[in-house]
Amino acid sequence: MYCIVLAALVFNGLGDNGAIQAANTDPLTDPVPCADISLSLVSTFSAEGKALGLYMIEETALLGVNNTGMKVYGYSPTTGTVNMEISLDPSNTSCFGAAFDPASAGTFYTNDWSGDDLFYTPDWGTTWNTVFDPSFSAGRGMDFDGTHFWTTNGTGSIIRFIPEYTPFDVLSVPETSGQLSGITVFPWEGDLAVAVTSYGASGIWVYTWNGTALEYLGFGALPVTPETSYGLAYSEDLNSMFFSYQDSSDDFLIARLSIEISQALTPSTWAAVKASF
């Protein structure tokens, strides 16, 4: 399945949230065969100062990174109330992404766009250590699928990895445009869906991962109007996606979204349908 995406890029210089800011990176065309990605707004709430990368810990909290406040805040995903916070390492001043591995002694990881290390803590921020980040300084959003971490990787690729292990997978996402920011993974149709956004986009690109390769599904427009797009997270319990963004008033908001993915008919399927008449 192939979908071609063209985009207009206008670069405005270095942003203060890890962005080489693109004014608009929405696709101009997204022809079939692609899935229909439909996003609907459920609710929004204000972030605590700011929210860059997002990460969902089911039955615990929706995490949002505030590098200015040097905190990762945990929100109730249904009310937006802050119910926990983690202090970042004092050196982790350019943190964007965060992810949690419950099987690895409950290790919590963050990245940093000004260096090439991942920071990690086994005790919710009391002590921190570092390990090499395979995305170097290009990583932004992060997620964890139960065995591997995923991170956006600058423009046009994402990385799938296990900390301290090599090799790692650098996966091309040529349908995207602009500097990628948020990423989230979630189950779909027996495979793993991978959704990404970019700083200048007002939508998300969705792929499936079958264990060996990514397949592009399509682009879904967001039901809110972001000035800048940051983090993505998915809650399987709530069947909802979460999206952090900055609006035209420079306020940081988190939107809860419902997502529907309707698989498009492939040419062979269309032929079978026509043959039935």
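**Exercise 1. Decide whether Asn17 is buried or exposed, and find its side-chain polar partners.**

Solution. 
Step 1. Relative accessibility is 5% for Asn17, so this residue counts as buried. The cut-off for buried is under 20%. The model is a predicted one.
Step 2. Locate the residue. Asn17 sits in the loop between strand E2 (11-14) and strand E3 (20-22).
Step 3. Look for polar contacts. The side chain of Asn17 meets that of Lys50 at 2.5 Å. A second polar contact, of 3.0 Å, runs from the side chain of Asn17 to that of Tyr230.
Step 4. List the surroundings. Leaving aside residues up to four places away in sequence, Asn17 touches Lys50, Leu52, Asn67, Phe96, Trp113, Tyr199, Tyr230, Gln246 and Phe252.

**Exercise 2. Describe the setting of Phe108.**

Solution. 
Step 1. Phe108 belongs to strand E11, residues 107-110.
Step 2. Its relative accessibility is 0%, so Phe108 counts as buried.
Step 3. Collect contacts beyond four places in sequence. Phe108 touches Leu63, Val72, Ile86, Ala98, Ala99, Phe100, Phe119, Tyr120, Thr121 and Trp128.
Step 4. Asp123 is 15 residues from Phe108 along the chain, and their C-alpha atoms are separated by 8.1 Å.

**Exercise 3. Classify two aromatic pairs, Phe108 with Trp128 and Phe186 with Tyr234.**

Solution. 
Step 1. Ring centres must lie within 6.5 Å. By this rule there are 18 aromatic pairs.
Step 2. For Phe108 and Trp128, the ring centres are 6.4 Å apart and the planes stand at 65°, so this pair is edge-to-face.
Step 3. Phe108 is in strand E11, while Trp128 is in the loop between strand E12 (117-121) and strand E13 (129-132); the pair links distant parts of the chain, 20 residues apart. Phe108 and Trp128 are both buried.
Step 4. Turn to Phe186 and Tyr234. Their ring centres are 4.4 Å apart and their planes lie at 20°, so the pair is stacked. The limit for stacked is under 30 degrees.
Step 5. Phe186 lies in strand E18 and Tyr234 in strand E22 (residues 228-235), so their pair ties together parts 48 residues apart in sequence. Phe186 and Tyr234 are buried as well.
Step 6. One aromatic cluster consists of Tyr109, Tyr120, Phe144, Phe149 and Phe161.

**Exercise 4. Summarise the chain as a whole.**

Solution. 
Step 1. Secondary structure: one helix and 24 strands.
Step 2. Burial: 56% of the 277 residues are buried.
Step 3. Contact range: among contacts between residues at least 6 apart in sequence, 48% join residues at least 24 apart.
Step 4. Surface: the accessible area is about 11,800 Å², and carbon and sulfur atoms account for 52% of it.

Notes:
Residues numbered from 1 in each chain as written. Predicted model: local features only at pLDDT ≥ 70, side-chain atom pairs only at ≥ 80, totals over all residues. Heavy atoms only, no water. Helix = DSSP H or I, 4+ residues; strand = E, 2+ residues; numbered from the N terminus. Buried < 20%, exposed > 50% of the residue type's maximum accessible area, 1.4 Å probe, protein only. Contact = heavy atoms within 4.5 Å. Phe/Tyr/Trp six-rings, centres within 6.5 Å; stacked < 30°, edge-to-face > 60°. Polar contact = N/O pair within 3.5 Å; in protein donor to acceptor, adjacent residues only side chain to side chain. Areas by Shrake-Rupley, 256 points an atom, 1.4 Å probe, with all protein chains shown as cover.
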